[in-house]
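Reader: I have a protein model open and I would like to learn how to read it. Can we go through it feature by feature?

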Amino acid sequence: MALSAAAGAALALVAAAVAVADQAGDKAISRPAGFIHGRVEVGGDFGAAEPRPRISDLGMSARRDPPNRRQSVVYLETAPQGAFDDPGTMRASLDQKDEAFVSYVLPIAVGTIVDFPNRDRTYHNVFSLSRTKSFDLGRYARGQSKAVRFDRPGVVRVFCDIHSHMSAYILVFAHRFFAATDADGRYRIDGIPPGTYELNVWTDGSVRETRTVRVPESGGPAEADFVVR
């Protein structure tokens with residue numbers, strides 16, 4: 001079920017990445033930019049957290065926070081015309097701490113280099129078999145870090161070869177119009193030219209809801225709240 005959901009999400013993201021909306025027009029970027037903001041409330045039962053080994057036996061902190069599977073990513077289905085400027089080299093980080101990836105979901109733009117630092121007192125071996133990006137970083141110890149550049153849009157499921165309970169998602173977009181929700185479920189996507197857009201909510205492996213949202217000609221805000229299950 002999880003793999004099929006991830007595959008479906010990957011197809012949705014690839015479609016979102018390669019499509020370019022024409023509603024903004026040739027002068028979209030020159031018009032006042034607006035933003036979309038709101039809150040995503042995630043309900044339903046996501047199942048019990050998978051059992052984990054006692055990391056306190058290895059001399060590490062006994063704290064084992066479960067991954068936040070309710071964290072969502074909100075993004076435009078298609079990017080405004082003229083929005084594919086080169087932002088230069090970008091970097092992000094997906095830490096390994098207390099035998100978990102921090103955070104559970106990481107949205108990035110194509111071309112971003114992601115660092116995978118090990119902050120535990122045990123070895124980790126980060127890998128992915130995803131079609132979007134397949135890699136195996138091998139085993140490395142605390143204080144060390146390895147990096148991967150993500151060159152294609154899509155969904156990348158990340159695991160640790162040593163600790164089977166560790167997993168995370170990296171969502172790779174070909175545009176910059178996306179945002180992850182914070183601890184309260186709130187999000188904000190800035191710099192959007194006026195126009196009408198399809199807004200998607202992705203949660204725990206799949207797109208849960210799509211809504212049409214209009215950014216006003218004045219460049220002001222547009223608000224969109226979601227309740228997903």
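Author: Start with pairing: two strands pair if DSSP finds at least two bridges between them. Helices (H or I, at least four residues) and strands (E, at least two) are DSSP runs, numbered from the N terminus. Now a case. Strands β10 (residues 126-129) and β13 (residues 154-160) run antiparallel and are joined by two bridges. In that pair, V126 has C160 of β13 as its bridge partner.

Reader: What should I know about the model itself?

Author: This is a predicted model, where local features need pLDDT of at least 70 and side-chain atom pairs count only at pLDDT 80 or more, while totals for chains, interfaces and linings use all residues. Residues are numbered from 1 along each chain as its sequence is written, and side-chain values use heavy atoms, with hydrogens and water left out.

Reader: Which other strand pairs with β10, and in which sense?

Author: Strand β11 (residues 134-136), in the antiparallel sense, over three bridges. S128 has F135 of β11 as its bridge partner. A hairpin of four residues links β10 to β11.

Reader: How do I read a whole sheet? In what order do the strands of the three-stranded open sheet stand?

Author: The order is β5-β9-β12, with mixed pairing. The edges are β5 (91-93) and β12 (145-149); each has a single partner strand, so one side of each is left without a neighbour in the sheet. The twist averages 25 degrees from one strand to the next. For such angles, axes are lines fitted to C-alpha atoms, for helices over the stretch in contact, and angles run from 0 to 180 degrees between N-to-C directions. Within this sheet, β5 and β9 (residues 113-117) are parallel, with three bridges. There, R91 faces I113 of β9.

Reader: And what is the order in the sheet of four strands?

Author: β15-β3-β17-β18, an open sheet with antiparallel pairing. Here β15 (178-180) and β18 (206-215) are the edges, each with a single partner strand, so one side of each lacks a neighbour in the sheet. The twist from one strand to the next averages 20 degrees. Nine bridges hold β17 (residues 195-203) against β18 in the antiparallel sense.

Reader: Let me zoom in on one residue. Is V201 buried or exposed?

Author: Check its relative accessible area. Buried means under 20%, exposed over 50%, partly exposed in between (1.4 Å probe, protein chains only). V201 has 0%, so V201 is buried. V201 belongs to strand β17 and stands opposite E209 in β18.

Reader: What does V201 touch?

Author: Contact means heavy atoms within 4.5 Å. Not counting residues up to four places away in sequence, V201 touches several, including V40, V73, E209 and F226. Across the chain, buried residues make up 49% of the 229 residues.

Reader: How do I read aromatic rings?

Author: A pair of aromatic rings is described by the distance of the centres and the angle of the planes. Rings of Phe, Tyr and Trp (its six-membered ring) pair if their centres lie within 6.5 Å; planes under 30 degrees apart count as stacked, over 60 as edge-to-face and the rest as tilted. This structure holds seven aromatic pairs. In one, the rings of F173 and F178 have centres 4.8 Å apart and planes at 15 degrees, so the pair is stacked. F173 is buried at 1% relative accessible area, and F178 also counts as buried, at 16%. Together with Y75, F173 and F178 form one aromatic cluster.

Reader: Where does the charged end of R188 sit?

Author: Over the ring of F35, 3.6 Å from its centre. The test is that NZ of Lys or CZ of Arg is within 6 Å of the ring centre and within 35 degrees of the ring normal. R211 lies over the face of F226, at 4.2 Å from the ring centre.

Reader: What about the backbone?

Author: Most residues other than glycine have a negative phi, and most peptide bonds are trans. Look for exceptions. V102 and S103 are joined by a cis peptide bond, with omega about 15 degrees. S103 is in the loop between β7 (101-102) and β8 (105-109). E99 has a positive phi, near 55 degrees. E99 lies in the loop between β6 (95-96) and β7 and counts as buried at 2% relative accessibility. D204 has a positive phi too, about 50 degrees. D204 sits in the loop between β17 and β18, and at 13% relative accessibility D204 counts as buried.
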